[in-house]
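Colleague: I'm new to reading models like this one. Could we go through it together?

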Amino acid sequence: MGWNERMRQKYELDRARETDVDILAIESSCDETAAAVVRNGKKLLSSVVSSQMTTHQRYGGVVPEVASRAHVEEITRVIEQALREADRTLDSLQAIAVTYAPGLIGALFVGVTAAKSLAQASGLPLVGVHHLAGHMYAAAISDEIEPPFTALIVSGGHTELLHVLRHGDMVRMGRTRDDAAGEAFDKVARALGLGYPGGPELERMAASGDPDYISFPRAKLEVGSYDFSFSGLKSAVMLHIDKEKRAGREPRKEDIASSFQRAVTDILVTKAMQCVEQTREDTLVLAGGVAANGALREALRQACATKGVRLAVPPLWLCTDNAAMIGAAAYHRYQMGKLDDLYLTARADLSIDAW
Ligand code: KG4
Ligand code: ZN
């Protein structure tokens with residue numbers, strides 16, 4: 001019997017028996033090598049994240065080739081640790097899930113190759129997961145998120161507003177036309193002399209600054225558009241720092257960081273709430289690395305409370321890249337029978353509405 005038939009048989013049998021669905025999930029799209037075992041899309045049996053942060057800090061950002069190599073070195077150990085901590089062997093699982101897009105292509109290949117090898121060897125079904133869908137389902141671990149709902153996903157590479165109609169069926173309402181929100185945080189942090197990754201460091205610096213020091217520009221796009229643009233804001237901050245230096249003044253870093261954070265938060269909250277008015281859904285999901293930002297969480301919490309909208313947001317440790325969220329998203333694809341075969345391949349770019 002070939003792998004396809006074997007895994008189909010296994011899938012049909014497990015579905016008929018209504019067994020708990022334990023999924024081994026793998027994530028390697030950027031600079032974290034991660035594996036987790038997740039039960040029924042909700043319960044974490046284990047979650048291991050090996051960060052390459054200190055490696056990339058030396059270069060001030062993620063170096064793709066260095067990331068790929070580090071994934072190769074770490075992936076087996078991380079997967080073994082996730083299985084061990086969950087007290088599971090492959091033959092006691094229901095499926096293997098992996099992030100296959102979008103991300104750094106070399107980095108993604110490491111995870112995809114590992115997942116396919118394990119699926120082939122074990123006869124387990126394979127489930128490819130879109131990284132942003134993963135971020136969104138991080139909220140399903142700590143909260144109930146039953147579609148339909150609106151979602152704001154803010155990460156280092158993406159800023160997206162989505163209308164999720166059913167699991168696996170969503171309409172993209174808006175996206176960034178230039179920099180992602182996290183990218184803007186990272187670039188401004190760098191201009192302020194902070195290390196990588198910039199977002200958390202900038203938030204720390206902003207805590208002692210005045211958010212009303214300067215009103216940085218909020219890009220005005222066409223009326224009715226839910227798209228974002230952060231490059232003008234980023235340039236305005238850079239120009240201000242430059243102007244201060246040329247005038248022989250020391251830039252007021254804390255105040256600049258705080259005013260920048262206020263501007264980003266304003267832009268995200270305003271657009272998200274306009275989008276919620278359009279979709280008329282009563283739940284808003286906030287996810288992605290930038291969702292770890294306290295000012296953003298608080299501003300969106302207040303805006304949602306005023307409008308009577310429920311805000312679902314993952315705990316901090318599930319906002320940045322991890323494999324638990326991939327396992328949570330994979331559960332819904334598994335339930336829908338959306339399985340992949342061994343031709344699954346990594347994709348650097350892929351729109352989330354194709355997930
Ligand atoms: O989702 P993520 O871990 O990786 C991607 O899929 O991109 O997001 C990483 C991004 C980085 O740009 C990082 O600076 C930003 O999320 N980030 C933050 C915070 N924590 C992480 N931005 C602002 N405030 C934070 N506390
Ligand atoms: Zn991410």
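Colleague: Which residue is the bridge partner of His163 in β8?

Modeller: First, this is a predicted model, where local features need pLDDT of at least 70, side-chain atom pairs count only at pLDDT 80 or more, and totals for chains, interfaces and linings use all residues. Residues are numbered from 1 along each chain as its sequence is written, chains are lettered from A and ligands numbered from 1 in the order in which they are written, and side-chain values use heavy atoms, leaving out hydrogens and water. Strands β7 (residues 159-166) and β8 (residues 169-175) pair in the antiparallel sense over 6 bridges (strands are DSSP runs of E, at least two residues, numbered from the N terminus; pairing takes at least two DSSP bridges). In β8, the partner of His163 is Val171.

Colleague: Which residue in the turn of that hairpin has a positive phi?

Modeller: β7 and β8 form a hairpin, with 2 residues between them. The one in the turn with a positive phi, about 80°, is Gly168.

Colleague: How many residues of β1 are buried?

Modeller: Buried means under 20% relative accessible area, with a 1.4 Å probe and protein chains only. In a regular strand, side chains alternate between the two faces of the sheet. Here both faces are covered, with Asp22, Leu24 and Ile26 buried on one side and Ile23, Ala25 and Glu27 buried on the other. So for β1 (residues 22-27) the count of buried residues is 6 of 6.

Colleague: What is the bridge partner of Ile23 in β2?

Modeller: A hairpin joins β1 to β2 through 4 residues. The two strands run antiparallel, with 6 bridges joining β1 to β2 (residues 32-39). In β2, Ile23 has as its partner Val38.

Colleague: And which residue in β4 is the bridge partner of Ile26?

Modeller: β1 also pairs with β4 (residues 95-101), in the parallel sense and over 4 bridges. The β4 partner of Ile26 is Val98.

Colleague: What share of the residues is buried?

Modeller: That share is taken over the 355 residues of the protein chain. Buried residues make up 54%.

Key. Buried < 20%, exposed > 50% of the residue type's maximum accessible area, 1.4 Å probe, protein only.
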